[in-house]
Amino acid sequence: MSDPTNPGDGNSNSNSTEPPPGTPRGTTDTDPETHRWWGLAVIAMAQLMVVLDATIVNIALPSAQRELGLSNGNRQWVITAYTLAFGGLLLLGGRIADLVGRKRTFIIGLIGFAAASAVGGAAQSPGMLFASRALQGMFAAILAPSALSLLTTTFRDGRERAKAFGIYSAIAGGGAAIGLLLGGVLTEFLSWRWCLYVNVPIAVIAVFGAFGLLHDREGHRESRLDIPGVILGCGGLVALVYGFSEAESRGWSSALVLGLLCGAVALLACFAWWQTRAASPLLPPHIIKERSRAGSVLTMCLATIGMFGLFLFMTFFMQNILGYSPLRTGLAFIPMSAMIIIASTQIAARLMHYVQPRLLMGPGLLLASGGLYTLTFIDTHSSYVSHILPGTLLLGLGLGLTFLPVISVATSGVAPKDAGVTSATVNTAQQVGGSIGTSLLNTIAISSGTAYATSHFAKAAEQAARQGGLTPAQKTALANTATVHGFTVAIAWAAAILLFAAVLAMVMVTARSPQQREA
């Protein structure tokens, strides 16, 4: 098995001053002209833009709804259009990166993402906003795998690669919370439209940086697009994400939801079958047949289910129950983001060289699960410092310990021609996990809250009837209590999912640390 912190050939010498044969100038760790860390800054900017765009519009959504006249039924498409296009097309984006060249697709993705963001910021109708969000998702599907595979090929030395992946994984984990804060700031002081416009200057800077600082081989001409695989795989993922998102409003027994989920299973089963027979498969089976990589991809998917579900519930809880402003809500997520960054860059990155990746993943997910469990005790009178902060800090610590080894193991030990599709697989797991977490846990929250309200409201009304009936304040209190009950039930499910992810990581991920390999 390859060194989980070094994707290069096991016989290469990282201390050599000459690049390995066939390596273009500018890709070795010791070349003084590469400015690898400035290149990492460019990659990090692009990744941050992609990650935070999944959440930045959440806090701005009420303002956009009022201005554009979105209905309660179709407002979800502001978020779903992005996640559907992003999650459904990532594998195709990874293969295009392998075919065309990662630097080229990185720049194309940045330009397209900026243009789509500008269109969305200027939207004058719901359809225009939905279309721009879908276009953002499409270009993000090209940009994200290119960014991760460029990182993989830029940093080859084990220790430097661990630091680089620590920074990258911190952004991947904390970017969503940063998006919530930035969305609150922009919405409160400028306009909801700036939640989209803000991507334009970021992308422009990243494009200029990419031209000057990033280096990559030309595309692999032997790579071919697997068109049947694209249709089956992307179609299955779109149907899966769309089915889970529609379950929120239509219910799990809806014919449309059941049809979408059954269709997704059928399409993905056909996709798996076809990949074993295609001449140039979209997702080469050997990539996910490797036990540690498969375990890491599944762990990433499960971890983001819990994280995105928490963002959804805590945003509504703080704004609708505790009465926080958008800005204050965004600020409330900063400690969690800071903990993810600290745990990734200062703890996990330092330990990756000495301990097995699963010894970071397993304990990290246990801590994250414990953090979620503490949040199941919140109620309508909970305070931030005593009830919310401890749980979110523990969750941030656990996820920070988890994301670095997950990304490192999942992307190491693959041939250069498969780097793009491997990176896309990791990003697909993260995006699909976030989409599933948002829709699945929200459905659990709504159904649990409704059931609680039905049973308790009738009892309270019967008791209050003797005193003239329920007052408006009493009705509001009961409704809030039912809502919070639904949140805590869903958070408990999220904690259970992270607990299962911890067990999965400990069992499936068997990769060794660099120190163990050297011994």
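**Talking through the chain**

User: Let's start with serine 448; which helix is it found in?
Analyst: Serine 448 is found in helix 17, and please keep in mind as we talk that this is a predicted model.

User: Is serine 448 buried or exposed?
Analyst: Serine 448 has a relative accessible area of 16%, and because buried means under 20%, serine 448 counts as buried.

User: Let me step back for a moment. How many helices and strands does the chain have?
Analyst: The chain has 19 helices and zero strands. Of its 519 residues, 56% count as buried, and the accessible surface of the chain comes to about 20500 Å², with 66% of that belonging to carbon and sulfur atoms.

User: And what share of the contacts is between residues 24 or more positions apart?
Analyst: Taking the contacts in the chain with a separation of 6 or more, residues 24 or more positions apart account for 85% of them.

User: How many residues are in the largest nonpolar core?
Analyst: The largest nonpolar core has 72 residues, and Met314 and Phe317 are those with the most contacts inside it. Several helices each supply at least two residues of this core, including helix 9 (227-250), helix 14 (334-351) and helix 18 (472-508). Helix 12 gives the largest share of this core, with 17 residues.

User: Which residues does methionine 314 touch?
Analyst: Not counting residues up to four places away in sequence, methionine 314 touches Phe333, Ile378, Ile388 and Ile491. There is also another core, lying apart from the largest one, which has 23 residues, among them Ala46, Met49, Leu110 and Ala210.

User: New topic: how many salt bridges does the count come to?
Analyst: The count comes to one salt bridge. Glutamate 67 forms it with arginine 193, and the closest N and O atoms are 2.7 Å apart. Glutamate 67 lies in helix 2 (residues 56-68) and arginine 193 in the loop between helix 6 and helix 7 (194-197), so the pair ties together parts that are 126 residues apart in sequence.

User: How accessible are glutamate 67 and arginine 193?
Analyst: Glutamate 67 is partly exposed, with a relative accessible area of 46%, whereas arginine 193 counts as buried at 12% relative accessibility.

User: Which residues form the nonpolar patch on the surface?
Analyst: That patch is formed by Val185, Phe189, Leu190 and Trp194, which together have about 410 Å² of accessible area. Phenylalanine 189 is found in helix 6, and with a relative accessible area of 58% it is exposed.

User: What about glycine 183, is it buried or exposed?
Analyst: Glycine 183 counts as buried, at 0% relative accessibility, and its place is in helix 6 (residues 158-189). Leaving out residues up to four places away in sequence, glycine 183 touches Ile56, Ile59 and Cys195.

User: Two more, please. Where are alanine 144 and proline 284?
Analyst: Alanine 144 has its place in helix 5 (residues 126-154), and it is buried, with a relative accessible area of 1%. The C-alpha atoms of alanine 144 and valine 50 are separated by 7.1 Å, although these residues are 94 residues apart along the chain. Proline 284 lies in the loop between helix 10 and helix 11 (285-289), and at 5% relative accessibility proline 284 counts as buried.

Technical notes: Residues are numbered from 1 along each chain as its sequence is written. This is a predicted model: local features need pLDDT of at least 70, side-chain atom pairs count only at pLDDT 80 or more; totals for chains, interfaces and linings use all residues. Side-chain values use heavy atoms; hydrogens and water are left out. Helices (H or I, at least four residues) and strands (E, at least two) are DSSP runs, numbered from the N terminus. Buried means under 20% relative accessible area, exposed over 50%, partly exposed in between (1.4 Å probe, protein chains only). Contact means heavy atoms within 4.5 Å. A nonpolar core is a set of buried Ala, Val, Leu, Ile, Met, Phe, Trp, Tyr and Cys residues joined through side-chain atoms within 4.5 Å. A salt bridge is a side-chain nitrogen of Lys or Arg within 4 Å of a carboxyl oxygen of Asp or Glu. Patches are made of residues with over 30% relative accessible area and no salt bridge: like charges are joined within 9 Å, nonpolar side chains (Val, Leu, Ile, Met, Phe, Trp, Tyr) within 5 Å. Accessible areas come from the Shrake-Rupley method with a 1.4 Å probe; for residues, only the protein chains shown count as cover.
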